[in-house]
Amino acid sequence: MARPARLRLRYQLILFAAVRTVFNTGHRLVYPFLPVIARGLGVDLQTAALAVSARSMLGIFGPAIGSAGDRLGRRRAMVTSLVMLGIGFALVAPFPIYLVFALALGIASVAKILFDSSMQAYLGDLVLYARRGLAIAVTEIGWSLASLVGLPLVGLIMARSGWAAAFPWIAALALGGALALRFVLPIDTRAMATRMRVSQGLRVVARHRIALAALAVGLLISTANEVVTIVFGAWLEQAFALQIVALGAASMVIGAAELAGEGLVAGITDRLGKVRSVAFGILLNTLSAVLLPLLGQSLPGAAVGLFLFYVTFEFTLVSAIPLMTELVPTARATMMASNISSHALGRALGALLGPALFALGFTANGLAAAGLNLLALLLLVLYVRE
């Protein structure tokens, strides 16, 4: 890649990371603040969690949603997704009721599937596979920055102005991101818009045995993660009486862990190999899931446990993305949308299981996460090849 092209890509990666910070702040705010949002809506935690689970269930339609990146082109799909996020979240503040909240989460979920699959397909088109782990890791910084910067700011806004006050801010930033991408990214070419029908892309993916096994691995590890994530805010509030601003600050521990995980991907995944990196990550995440309830006997121990749990999960997840981009290159956006769908379905299952397990004690959540991870590791070792 020529030097001017590398420079352009560098700026695009930075912009992708910034836009994904906005997207992921909107996506993740339900986790530490779910008890606060539930009280504001006048519903119980289980009912609020159902909205989160319904959001994730939209992942069933992920391949159809994400295939727009193959049919319309990468830039157009990404810009459209940000406009959708802006419109969806702008509805919450003037209409702070449960149905509107659930609708906003659903619109944001569709937009996130469309954006992430199109962005990852764009990088798959542009970046050599041998260096793709590094490029993906840079964009994934937007995931950790959501916890390090976005969620603490959301906590401050909610504490001052109410649970719905952060939504219009995220909406405005999303619309600003749409304008930025519109001017920075190149105009879609025919090569970036293959005009493949949804059914064609799905058939290509469905016939690929390794791709299907990799999608199953993604579903299992995301279910394992969500079983813990959906209740960690309630766990910290219940066990240590943390207040709303403190819950936002606690999310910074998770953000730091994820940033460390992304740094590890940037440093070693391309050299170690994608499949091997995913296997190591799953094994370490399994151990951390077992340790988390044990370490969580004190607040400092809980912080350490959460750090270990999320650094290992982030390393696993981000190492898997470049692997997925190359499994079905003829339908890349559809494949990446299918990958996002598998994770979304996993989160939906985890959101349903997590509160029920939490009623038995947080240890049940940790052990369930470990068991799901071990099943994912077995599938990976038996069926997935690079």
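This is a tour of a predicted model, stop by stop, with what to select at each one.

Residues are numbered from 1 along each chain as its sequence is written. Because the model is predicted, local features need pLDDT of at least 70 and side-chain atom pairs count only at pLDDT 80 or more, while totals for chains, interfaces and linings use all residues; side-chain values use heavy atoms, with hydrogens and water left out.

**Stop 1: the largest cavity**

Select Lys-112, Trp-143, Leu-317, His-343 and Arg-347. Of the 24 residues that line the largest cavity, these are the closest to its centre. A cavity is a set of points, on a 1 Å grid over the protein atoms alone, where a 1.4 Å probe fits but cannot get out; lining residues have an atom within 4 Å of a point. The volume of this cavity is about 340 Å³, a volume being the space filled by probe spheres set on the points, which are joined across faces, edges and corners. The structure holds five cavities of 30 Å³ or more.

Now colour the helices α1 (3-28), α7 (98-126), α8 (129-161), α11 (209-240), α14 (299-325) and α15 (332-358). These are the elements that give two or more residues to the lining of the largest cavity. Helices here are DSSP runs (H or I, at least four residues), numbered from the N terminus. Which element gives the largest share of the lining? The answer is α14, with five residues.

By class, the lining of the largest cavity has eight nonpolar, seven polar and nine charged residues. Ala, Val, Leu, Ile, Met, Phe, Trp, Tyr, Cys and Pro count as nonpolar, Asp, Glu, Lys and Arg as charged, and the others, Gly among them, as polar.

**Stop 2: along helix α7**

A salt bridge is a side-chain nitrogen of Lys or Arg within 4 Å of a carboxyl oxygen of Asp or Glu. Lys-112 and Asp-116 are separated by about one helical turn, because they are four residues apart in helix α7. Lys-112 is buried at 9% relative accessible area, and Asp-116 is buried at 5%. Buried means under 20% relative accessible area, exposed over 50%, and partly exposed in between (1.4 Å probe, protein chains only).

**Stop 3: a network of salt bridges**

Select Arg-74, Asp-125, Arg-132, Glu-326 and Arg-332, which are linked in a network of salt bridges. The whole structure has nine salt bridges.

Zoom in on Arg-74 and Asp-125, whose side chains meet in a salt bridge (2.9 Å, N to O). Arg-74 is in helix α6 (residues 74-90) and Asp-125 in helix α7, so this pair links distant parts of the chain, 51 residues apart. Arg-74 is buried, with a relative accessible area of 3%, whereas Asp-125 is partly exposed at 33%.

Then move to Arg-332, which forms a salt bridge with Asp-125, the closest N and O atoms being 3.2 Å apart. This pair also links distant parts of the chain: Arg-332 is in helix α15, Asp-125 in helix α7, and they are 207 residues apart. Arg-332 is buried, with a relative accessible area of 9%.

**Stop 4: aromatic rings**

A search of the whole structure finds 11 aromatic pairs. Rings of Phe, Tyr and Trp (its six-membered ring) pair if their centres lie within 6.5 Å; planes under 30 degrees apart count as stacked, over 60 as edge-to-face and the rest as tilted.

Select Phe-101 and Phe-167. Their ring centres are 6.4 Å apart and their planes stand at 85°, so the pair is edge-to-face. Phe-101 lies in helix α7 and Phe-167 in helix α9 (residues 166-184), so the pair ties together parts 66 residues apart in sequence. Phe-101 is buried at 0% relative accessibility, and Phe-167 is buried at 0%.

Next, select Phe-16, Phe-23, Phe-115 and Tyr-122, which ring pairs link into a cluster.

**Stop 5: the second largest pocket**

Select Thr-25, Gly-150, Leu-153, Ile-170 and Leu-173. Of the 13 residues that line the second largest pocket, these are the closest to its centre. A pocket is an open set with protein on both sides within 12 Å along at least five of seven lines. About 220 Å³ of space lies in this one. Helix α8 gives the most to its lining, with six residues. The lining has 10 nonpolar, three polar and no charged residues.
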